Amino acid sequence: YKRQVSTQSTGSLFNMRPIVLKGGDRSITYLLYNTEGDLIFTSSKGTTPSVWWSETGERIGTYKGHNGTVWSLDVTRDSTRLVTGSADNSVKIWEVESGRELQSIQYKTPVRSVAFALGDRHFVAATDQVMGHRAGYYIYKFDEEGRKAAWTLQREQEVKGKVSQVRWGNLNQQIYLSTDEGIYIFDTETTKLLGHLTDHKKAVNSLRFAPDYSCFITASSDQTAKLWDPKSNKCIKTYETDRPVNDASLHPNLDLVVLGGGQEADKVTTSHSRVGQFQSRFFHRIYEEELGSIKGHFGPINTISFSPMEKDLQVEQKMDLSEFTGLMMISTNQLLILMHKVSQVSQLFQQSLFLCSSFVFCSLSLSLSVADD
């Protein structure tokens, strides 16, 4: 479905093609592009992760084997192996192409997050603080064939609260844990606590690094997202909203940040999308100013990500977005909206610019605006 929309300030035209991906009857917990950006991997509160073509929205296949909510997943740079962490107290490693389970590792508590290290020779799994067991992380190394992982380091840490995500730092030198009580940073080799960042006033729901590891962004239930300098562990930018933020993503080339969240799930109403404030919101990375929003979801946005397919984008001072491809949103109504190929939009961030575009797709309304319409 395509529609042309003209802007008041520049008169330029652009085409948008929203794609709705629907699979399963449970809310989505995490999504991930592969390195090339042609595949999308999703996990949900169901038991079966899925893989999709990003260009068409076609579901290619599923990975069956878990018996509980799949909270997290990650894929190698060559898209050959997938690792998943589940509430059934297990981590599973899969062959991406065939869907075959290569290995299953059992734990005493639910696995909240998993992540491959740079080089794909190691991965880390983070577990919850449950039933007297402290939260911890476990590092594994793959064999020479890259098919089976062997345990190398187990560490139950003095981490307070529930773990939301685990991340490797630059050059795999640190392990980052986002929790209900802030961000914990550990040395990978010695497991020494290097820092505990408590600038957020409520639970930290997500943590994502920029592609070059020059900074990372966190999203929190305190209605803010924060940009951090990993060298000093100082907060350098804050993006304020009027609702809890569940996830945030940094554009790979532009000074652009997108936030996703909404009203808490137990307070959600289905009367209108505006009631729960379920928009994804765009901010200027440097100036912290809100630039626009995309409306349409009827539940909180759990996870959000820019496509990595922006490597050849020519970025000028005016931030030409003529090759903007791929913004994804996931909501608790199990609908994934993929915005493809915004063409011929220039000078998007001029102060006087106003954009408004409305789409109707399977009774789901979606709008893009830089000012209230």
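**Strand 24 and its neighbours**

In strand 24, glycine 260 is the bridge partner of aspartate 247. The structure is a predicted model, in which local features need pLDDT of at least 70 and side-chain atom pairs count only at pLDDT 80 or more, while totals for chains, interfaces and linings use all residues. Residues are numbered from 1 along each chain as its sequence is written, and side-chain values use heavy atoms, with hydrogens and water left out.

Strand 23 (residues 245–250) runs antiparallel to strand 24, and five bridges join them. Two strands pair if DSSP finds at least two bridges between them. A hairpin of five residues connects strand 23 to strand 24. Strand 24 also pairs with strand 25 (residues 280–284), in the antiparallel sense and over four bridges. Here leucine 259 stands opposite arginine 281.

Strand 24 (residues 256–261) is mostly covered, with six of its six residues buried. Buried means under 20% relative accessible area, exposed over 50%, and partly exposed in between (1.4 Å probe, protein chains only). In a regular strand the side chains alternate between the two faces of the sheet. Leu256, Val258 and Gly260 point one way from strand 24. Val257, Leu259 and Gly261 point the other way, and all are buried.

The protein chain has zero helices and 31 strands. Both are DSSP runs, numbered from the N terminus: helices are H or I, at least four residues, and strands are E, at least two. Of its 373 residues, 57% count as buried. Among contacts (heavy atoms within 4.5 Å) with a separation of 6 or more, 47% join residues 24 or more positions apart.
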